[in-house]
Amino acid sequence: MGLHALQTEDTAAVIAVLQQSLTPAFLLVALGSLLNLITARLSRIVDRARVLEELHGRTEGENHARVVHELRLTERRMTIVGNSILLGVLAAVVVCLVIVLLFLQGMMGHPLAVAITVGFLVALLLLAGALLQFTREVFLSMRAIHVREALLEREDRRRGRQ
């Protein structure tokens, strides 16, 4: 077998491995987008916490109790978002390992199908955990920004006043 035949076989093997790596690579792109979204959310939560910290010293009575309540919720939201980011990053790391395993299998000929499958499933479970934490934070944020009924000036209340 000549040098040209070896290069052609090596090139074909590399191309095959690259094709197999596309699915995990797309997952990696999706995880990057998700992490970008979640970190932007964390930034907004931190900004809100700073505003609430400033209000804390300047409020009294019912308003102070609302600020303290929202500060507590904001702290929980930051923790949940941090967990979501951690799970997303771990998922991305596992996807990278899956891609490495795919290359090792394709280039070295070692049968790593079980490790690749387990790695991919672990990455999906970590992604699911990140999404669940993100959803949990979204629902918690809706509780944090709940508008007091008195400020809504609902139509039935106005009718009752007339």
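A salt bridge joins the side chains of Glu137 and Arg41, with an N to O distance of 2.4 Å. This pair connects distant parts of the chain, since Glu137 belongs to helix H4 and Arg41 to helix H2 (residues 22-56), and the two residues are 96 positions apart. The structure described here is a predicted model. In total, four salt bridges are found in the structure.

The two partners in this pair fall into separate accessibility classes. Glu137 has a relative accessible area of 0% and is therefore classed as buried, the limit for that class being under 20%. Arg41, with a relative accessible area of 25%, is partly exposed, because a value between the 20% and 50% limits is assigned to that class.

Glu137 also takes part in a salt bridge with Arg77, in which the closest N and O atoms lie 2.6 Å apart. Taken together, Arg41, Arg77 and Glu137 form a network of linked salt bridges.

Arg48 is located in helix H2 and Glu70 in helix H3 (residues 61-108), so the pair ties together parts that are 22 residues apart in sequence. The relative accessibility of Arg48 is 32%, which means that this residue counts as partly exposed. Glu70, by contrast, is buried, its relative accessible area being 13%.

Helix H4, which spans residues 113-144, also contains Gln133. The relative accessibility of Gln133 is 16%, so this residue counts as buried, again under the 20% limit. When neighbours within four places in sequence are set aside, the contacts of Gln133 are with Ile80, Asn83, Ser84 and Leu87.

Definitions and conventions
Residues are numbered from 1 along each chain as its sequence is written. This is a predicted model: local features need pLDDT of at least 70, side-chain atom pairs count only at pLDDT 80 or more; totals for chains, interfaces and linings use all residues. Side-chain values use heavy atoms; hydrogens and water are left out. Helices (H or I, at least four residues) and strands (E, at least two) are DSSP runs, numbered from the N terminus. Buried means under 20% relative accessible area, exposed over 50%, partly exposed in between (1.4 Å probe, protein chains only). Contact means heavy atoms within 4.5 Å.
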